Amino acid sequence: VGPFLNAWSLDLFVLVNLVAALVAYLWAAQRVRALDPHSPWPRSATSCFVAGIAVLALTYLGPMAAWSHTFFWVHMTQHLLVMMVAAPLIVLSAPTTLVFRASGPDARRKWIVPILRGRAVRLLTNPVLTWVVFALALLATHFTGFYNWALQNHDADQFIEQPLFLIAALLYYFPLVGRNLQPRRPTQAARLLSLALMMIPEAIVGAVIYFA
């Protein structure tokens, strides 16, 4: 245990991005409190975002990052933490609602509302599409030559695989959990069905890795 915990990897690129995201969120939350003291930004949402950033920091910095290209279980634990813990926590922090509430009336009218009602957001929050993206991210990265390449190539892992898993997970959970502003929210039955069906590609990947 000692040698594992004593090995540290501090990636400044990752650290700067995580700190920037955290500072931006906390600033926006404080701005909401200043604009609307009677309805401040919920502490539970802020806690979810801080926890999500903390999980990403645990995953991409420190011992896990240092050993991810040495031990297979560490590499896979990174993916699980990002896709199953960090991503839903960030979505639960309702970042789009925070952006809306922290913006002024002009910005909401000219930018925020048109973007949220736009075709791109409507497409990217479609639960069927987000399910397909999440499932393809799991299957394509594990059952193609990309897998071995990412295991042996630090840049491929950092700049392609890690962002891919995080973005796919954020898109998947966005229409399913939290109180984010979006064009159309799926019904409860659709959300449960999506979560149940996602067990299929997850089980396939887990079974193949286990029996391999």
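Helices are DSSP runs of H or I with at least four residues, numbered from the N terminus. The model is predicted, and local features need pLDDT of at least 70, side-chain atom pairs count only at pLDDT 80 or more, and totals for chains, interfaces and linings use all residues. Residues are numbered from 1 along each chain as its sequence is written.

**The largest pocket**
- A pocket is an open set of points on a 1 Å grid over the protein atoms alone, where a 1.4 Å probe fits, with protein on both sides within 12 Å along at least five of seven lines; lining residues have an atom within 4 Å of a point.
- Two or more lining residues come from each of helix 2 (12-35), helix 3 (43-60) and helix 11 (154-173).
- Helix 11 gives the largest share, seven residues.

**The second largest pocket**
- The second largest pocket holds about 250 Å³ of space.
- Its lining consists of I90, V91, P95, T96, L124, T125, L170, L171 and F174.
- Helix 5 (72-92), helix 6 (95-102) and helix 11 each give two or more residues to this lining.

**Residue A94**
- A94 lies in the loop between helix 5 and helix 6.
- Although A94 is not a glycine, its phi is positive, at about 55°.
- A94 counts as buried (under 20% relative accessible area, with a 1.4 Å probe and protein chains only), because its relative accessibility is 7%.

Technical notes
Heavy atoms only, no water. Points joined across faces, edges and corners; volume = space filled by probe spheres on them. Buried < 20%, exposed > 50% of the residue type's maximum accessible area, 1.4 Å probe, protein only.
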